[in-house]
Amino acid sequence: TSGARGSASSQGGFTRSADGTTSGSRTSNATNAATGNSYSGQTTVQNGQVSHTGTCSNASGEAIPCR
């Protein structure tokens with residue numbers, strides 16, 4: 001989706017097996033139209049364990065702290 005403030009997207013999903021365990025991954029991306037700053041992250045669930053990684057970048061593509 002996109003609008004005056006920027007854009008955001010998310011892809012992927014999670015599934016639950018017959019034994020009740022959840023697995024899968026989802027990626028999310030967002031860009032601020034005013035600053036050009038962006039966020040890219042991935043959440044993964046494997047055997048019930050959740051992990052998340054995310055990075056933020058400025059308009060030049062340089063890494064910046066995520067707030």
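## Thr21 and its surroundings

Not counting residues up to four places away in sequence, Thr21 touches Thr15 and Arg16, where contact means heavy atoms within 4.5 Å. The model is predicted, so local features need pLDDT of at least 70 and side-chain atom pairs count only at pLDDT 80 or more, while totals for chains, interfaces and linings use all residues. Residues are numbered from 1 along each chain as its sequence is written, and side-chain values use heavy atoms, with hydrogens and water left out.

Thr21 lies in the loop between β2 (6-16) and β3. Strands (E, at least two residues) and helices (H or I, at least four) are DSSP runs, numbered from the N terminus. Thr21 counts as partly exposed because its relative accessibility is 34%; buried means under 20% relative accessible area, exposed over 50%, and partly exposed in between (1.4 Å probe, protein chains only). The side chain of Thr21 makes a polar contact with the side chain of Ser17 at 2.8 Å, and a polar contact with the side chain of Asp19, also at 2.8 Å. A polar contact is a pair of N or O atoms within 3.5 Å; within protein, one must be able to donate a hydrogen and the other to accept it, and residues adjacent in sequence count only if both atoms are side-chain atoms. The C-alpha atoms of Thr21 and Gly48 are separated by 5.8 Å, although these residues are 27 residues apart along the chain.

## The sheet

Six strands make an open sheet in the order β1-β2-β3-β4-β5-β6, with antiparallel pairing. At the edges stand β1 (2-3) and β6 (63-64), each with a single partner strand, so one side of each is left without a neighbour in the sheet. Two strands pair if DSSP finds at least two bridges between them. Strands of a sheet pair through backbone hydrogen bonds, either parallel or antiparallel.

## Two hairpins

Strand β3 (residues 22-32) pairs with strand β4 (residues 38-46) in the antiparallel sense over eight bridges. Thr27 has Gln42 in β4 as its bridge partner. The two strands form a hairpin with five residues between them, and Gly36 in the turn has a positive phi of about 85°.

Between β4 and β5 the antiparallel pairing runs over nine bridges. Here Gln42 stands opposite Thr53 in β5. This hairpin has two residues between its strands, and Asn47 in the turn has a positive phi of about 55°.

Asn58 is found in the loop between β5 (49-57) and β6. Asn58 counts as buried because its relative accessibility is 18%. The side chain of Asn58 reaches the backbone nitrogen of Ser60 at 2.9 Å. Leaving aside neighbours within four places in sequence, Asn58 is in contact with Gly36, Asn37 and Ile64. Gly36 is the residue with positive phi in the turn of the β3 and β4 hairpin.

## The disulfide

One disulfide is found in a search of the whole structure, a disulfide being a pair of cysteine sulfur atoms within 2.5 Å. Cys56 and Cys66 form this bond, with their sulfur atoms 2.1 Å apart. Cys56 lies in strand β5 and Cys66 in the segment after β6, so the pair ties together parts that are ten residues apart in sequence. The disulfide is right-handed because the torsion about the S-S bond of Cys56 and Cys66 is about 120°.

Cys56 is buried, with a relative accessible area of 13%, whereas Cys66 is partly exposed, with a relative accessible area of 40%.
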